[in-house]
Amino acid sequence: MEEFLKQCQQSGDAAYSALRSLLERLENQNTRKDARIFLADLQKRFDTKEASEKCLQTYHFQIQDIYVEQYEGFEKKKKLTLMVIPSIFIPEDWSFTFYEGLNRHPDSIFKDKTVAELGCGNGWISIAIAEKWSPLKVYGLDINPRAVKISWINLYLNALDDSGQPIYDGEKKTLLDRVEFHESDLLSYCRDNHIELERIVGCIPQILNPNPDAMSKMITENASEEFLHSLSNYCAIQGFVEDQFGLGLIARAVEEGISVIKPLGIMIFNIGGRPGQAVCERLFERRGLRINKLWQTKILQAADTDISALVEIEKNSPHRFEFFMGLVGDQPICARTAWAYAKAGGRISHALSVYSCQLRQPNQVKKIFEFLRNGFHDISSSLDLSFEDDSVADEKIPFLAYLTNVLKEISFFPYEQPAGSRRFRSLIAAFMRTYHRIPLTADNIVVFPSRTVAIESALRLLSPRLAIVDEQLTRHLPRQWLTSLSIEKTETAKTSEEDITVIEAPRQSDLMVELIKKLKPQVVVSGIAQFESVTSAAFEHLLDTTREIGCRLFLDISDHFELSSLPASNGVLKYLAGTPLPSHAAIVCGLLKNQVYSDLEVAFVISEEATMFRALSKTVELLQGNTAIISQYYYGCLFHELLAFQLADRHTPAQRVGEDAKAGEVIGFSSSAISVLDHAELSLNETDESSLIHMDVDQSFLPITTPVKAAIFESFARQNIAESEIDVMAGIKQLIHSSYGFPSNGNTEFIYADCPVALFNKLVLCCVQEGGTFCFPTGSNGNYVSAAKFLKAKILNIQTSPEVGFKLSEKTLASSLENVHKPWIYISGPTVNPTGLLYSNEEMKTLLTICAKFGARVLVDTSFSGVEFNSKGGDGWDLGATIEKLSSNNPDFCVSLLGGLFFKMLTGGIKLGFLLLNQPSLVDAFHGFGGLSKPHSTIRYTLKKLLDLREGKSRDLLNAIAEKKELLGSRYKHLKETLEKCGWEVLEAQAGVSIVAKPSAYLGKTIKIKNGASSREIKLDDSNIREAMLLSTGLCINSAAWTGIPGYCRFTIALEESDFERALACITKFKSLVAN
């Protein structure tokens, strides 16, 4: 004994060394009994309070009793015997309050559970939990290695009696069976050893003045006593938004807890109320935890704690901390007042609360945090899973979990058909089958960006002379349709057969039917009144009336369609459950009724007529490109949640065949639409099993960069986003100015939409309305040319020559415009799509000068620019001075700039199109064609974030873009080499994602195409080589019919790596098939 005390007296380190030797004897079963008796004798040596205090001062350790029960219960000890040393946290008000909070739980809370205590100090709470509640296992964890050793000593002190005998509980177990202590930075021990916890408790300190140096030293048991004790009060800044309130360590503990706790587990934390109750509670709620305040009291602020850091925070922010004057004060005072009061000798206190927390939707929240841990910690401060309304949480949390899964699993957004993602259409069909017993398939459904776009697209496809449209559905239709008076067709009428007149009608079936019978329109678009929606009578009346006069019917059910597991009765859907949708009718449904985003819209059209499905699919491709994939993901997740819990095909409805349209009975498609849809090279309607390789679409399938993924997730994770955070205008104008020098002033109109093609088509309509001629150079985007034809524009093809890479030249442009009335010139640049060549600044100035001479309206399309991989030092454009000078000399001349960010920023499937107009008359005409589908606020947030990163020259973003440009350059060389080896003539490219090549070695040759048991021969020319290559190899390219350049086909290169390799193999395979 004396020798032991003599060693302890030397220093705190010497005392710790002696205690460590004592622990070794406790751990050895042969010496354990004697060691425990030694401890009992040691305690008796210092058995009074005064002697115990003197022992701490003289021998650097103390053994004391802590009373954990006010009254001694059945077979429960009233007190714990504990040792403390100066280098670990000595039990105080914080930990006692925490234990009181634990006591507020029912006894079953810890019974037979796996528990971890964070920051266990000398282990007394872990031991108390095991003693009182009989958990399966308690893991006491602390970053201080000395604390862990002392905790083990305390465990032996309480697991064995004074004579060294084990103390057994009612289950014949000792505390040694139930408790372990381990050195661990928060929950790292449990995480590294794959221990799943059912309860996590933690009395974790707040760091009022985070010390970045504290963690930089090596934390070992040989570190200084002062440093080890400082771990109880200070720690490195944790990288959480809560750091500014001293709550960063608790925030990290919560997030680590989410990763290791079982789905129904509970976390209990002690939090000082200095930052304010709202801040403390938000720490948990924004991480998806429901909270319950178990206990709250006040404790005196330690006199040696400097709160001046909090005064500084208050000085620089609107936040106010919460202190109280003494223990009885009930009115909070701010940190500055508290600091002054304490300086004057007053005692200040703060609240201390114990919170019990449980994950809402635990499996989904765990997925979200797993995603954030793997490379996206920087955006975790944006996450907000606090919801006042449970229905909002039930919708948004599963979507965020689904989105994290998408962003984690895919390296790029896959190709989706313009008719809508097949998965999304299949989910809609499954919902209709499951909830409404309507046997639909994905091939009965076409997806549109909005209900307005769906209705306008259908009317343009059909081009009726007269349409009657529900007055509630006409708001965004073109102005001239609603003002035309050409109701009756006469021989002298000046309007063409393609003009559309829309008559507005009230939403009441008897009035609508009366109008239909009198006016005999070709198309009716109607909603259905609320009081008529419960039964199918009104719908059947409309069906019969429109069928009788040979009129097509589009019925809008948006207001009555519910995304719910208990959808209300719907007469239209009841009818369709038993009867096929007649061939002259289609159902329109806009999805707007989500709980979170009032402006997130997707629409779909149901038709059981195959020809209508195909025509609508092609129409949406020409007029819109496709529907935003993120919007389809969002509503797809809602449909999936409503279907996931149901047993598959439990009540499979019988398949049925749609009613065939009888020739001559119902209005057909417009003549221009038929011509374009039959001859345009548009997307194929693929099956689920399709494995086609697409070198025929203007989309990047390159890996999505980490900054893009982070921005996408953050756009949905945030709440209460300010308008300024989704305002992309300034960023895009800055991008345009720096890239092209395009002038913008007070008269410049900035318009944005889901994609550039929608904006392009509105400009084509302006041209048609003005009576102009839309001029395309040969070698323009084939979809744009087809769209202009579909919209009945007068078109002129300006011939280009191979000598200049099929670019416009001064001579050809001037000669082509000589006799053109009101010319509109389309120029793709700086990157020419599809050839991949570049217009230099000087070339562009020359072309604009020629256009100005003829008073032309010029549309410069920059949508396909931004990825120059072989530009030989091109410096971009600076057209400002040239355009302003030319415009002032000829008021008819103007330049509009069309663009998108998906190539400039390589955003994959996240699209936004923008248009800058500089002429007031053109602005007025443009706005006469309403119905533009706008990108959702989350997309604008994503792109604003990326624009800001670009402006700030973010190394991560710029490096990622540079890597992708380098990859495209490598792809171009590889593809060019393969094509040339296989007998193609390749046009040299400098930029973009596509190249053109001529199949010189194949023209006039024959290929045999096998189709099952049969086969057929195709004699190859530049118009059928696409079909031949598709049928024989599964590779989709564009033929000369699409490029507009005789003999030249188009190949895109921004494919996923394995698809690109497969595409090269297909090109080689095609050569061998033709050779044989």
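Cores and cavities in a predicted model

The largest nonpolar core of this structure has 169 residues. Within this core, Phe539, Phe561 and Phe713 are the residues with the most contacts. The structure is a predicted model, and what follows describes that model.

One of these three can be looked at more closely. When neighbours within four places in sequence are left aside, Phe561 is in contact with Phe431, Met432, Asn570, Leu573, Cys589, Leu591, Lys593, Phe604 and Phe639. Another core lies apart from the largest one and has 70 residues. Ala454, Ala458, Phe554 and Leu765 are among the residues of this other core.

The structure holds 13 cavities of 30 Å³ or more, and the largest cavity has a volume of about 440 Å³. Its lining is made up of 28 residues. Nearest the centre of the largest cavity are Gly625, Val697, Asp698, Asn783 and Lys911. Three helices, α23 (610-624), α28 (756-770) and α29 (782-790), each supply at least two residues of this lining. Sorted by class, the lining of the largest cavity has 11 nonpolar residues, nine polar ones and eight charged ones.

A last stretch of the chain is marked out by a database record. UniProt, in an unreviewed entry, lists residues 111-161 as "domain: Methyltransferase small". Over residues 111-161, the chain in the model is 49% helix and 22% strand.

Notes
Residues numbered from 1 in each chain as written. Predicted model: local features only at pLDDT ≥ 70, side-chain atom pairs only at ≥ 80, totals over all residues. Heavy atoms only, no water. UniProt positions renumbered as here; feature names shortened; annotations may be inferred. Helix = DSSP H or I, 4+ residues; strand = E, 2+ residues; numbered from the N terminus. Core = buried A, V, L, I, M, F, W, Y, C linked by side-chain atoms within 4.5 Å. Buried < 20%, exposed > 50% of the residue type's maximum accessible area, 1.4 Å probe, protein only. Contact = heavy atoms within 4.5 Å. 1 Å grid on protein atoms, 1.4 Å probe; cavity = no way out; pocket = protein on both sides within 12 Å on 5 of 7 lines; lining within 4 Å. Points joined across faces, edges and corners; volume = space filled by probe spheres on them. Nonpolar A, V, L, I, M, F, W, Y, C, P; charged D, E, K, R; others polar.
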